[in-house]
Amino acid sequence: MGGLKYYERTKLLIELIEKKKTGRPGELARKLGIKERMVYNLLDDLRLTLGQEISYCKEQRSYCFQEKNN
């Protein structure tokens, strides 16, 4: 059952990033129902899985996917 929760959190995280509605790390932790430290772990896992950079944008107050420069 823990795997399903992880999947659901990851899916919600992707949706929030795409909508640029994550908020700060503490806010994001509350939205996902996890501790703030776990937010960073989840973001690292997502970066590795998707092979895409994710960074925090102060202007948008959200984590965002970064465009790849080829």
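**Terms put to work**

Mentor: Start with S62, which is found in strand β2 (residues 62-65). Strands here are DSSP runs of E with at least two residues, and helices are runs of H or I with at least four, numbered from the N terminus. The model is predicted, so local features need pLDDT of at least 70 and side-chain atom pairs count only at pLDDT 80 or more, while totals for chains, interfaces and linings use all residues. Residues are numbered from 1 along each chain as its sequence is written, and side-chain values use heavy atoms, with hydrogens and water left out.

Trainee: Why is S62 called buried?

Mentor: Buried means under 20% relative accessible area, exposed means over 50%, and partly exposed lies in between (1.4 Å probe, protein chains only). S62 has a relative accessible area of 0%, so S62 is buried.

Trainee: Where is T22, and is T22 buried or exposed?

Mentor: T22 is found in the loop between α1 (2-19) and α2 (25-32). Its relative accessibility is 0%, so T22 counts as buried.

Trainee: What makes the pair T22 and S62 a polar contact?

Mentor: A polar contact is a pair of N or O atoms within 3.5 Å; within protein, one must be able to donate a hydrogen and the other to accept it, and residues adjacent in sequence count only if both atoms are side-chain atoms. The side chains of T22 and S62 make such a contact at 3.1 Å. Backbone atoms take part too. The side chain of S62 reaches the backbone nitrogen of K21 at 3.3 Å. A polar atom of the T22 side chain lies 2.7 Å from the backbone nitrogen of Y63.

Trainee: Which residues does S62 touch, not counting residues up to four places away in sequence?

Mentor: Contact means heavy atoms within 4.5 Å. By that rule, S62 touches L16, K20, K21, T22, G23, S55, Y56 and C57.

Trainee: What makes a set of residues a nonpolar core?

Mentor: The members are buried Ala, Val, Leu, Ile, Met, Phe, Trp, Tyr and Cys residues, joined through side-chain atoms within 4.5 Å. The largest one has 13 residues, and L13, I17, L28 and L43 have the most contacts inside it. The elements giving two or more residues to this core are α1, α2 and α3 (36-50). The largest share, four residues, comes from α3. In soluble globular proteins, nonpolar side chains tend to be buried together.

Trainee: Which residues of α2 are buried, and how do you know that they sit on the same side?

Mentor: They are P25, G26, L28, A29 and L32. The arc is taken from the directions from the helix axis to the C-beta atoms. These residues cover an arc of only 160°, so they lie on the same side of α2.

Trainee: Why is the pair R47 and D44 called a salt bridge?

Mentor: A salt bridge needs a side-chain nitrogen of Lys or Arg within 4 Å of a carboxyl oxygen of Asp or Glu. R47 and D44 meet at 2.9 Å, N to O. They are three residues apart in helix α3, so about one helical turn separates them.

Trainee: How many salt bridges does the structure hold?

Mentor: Two. E53 and R47 also meet in one, at 3.5 Å.

Trainee: Why is E53 called partly exposed?

Mentor: Its relative accessible area is 46%, so E53 is partly exposed. R47, at 22%, counts as partly exposed, and D44, at 38%, does too.
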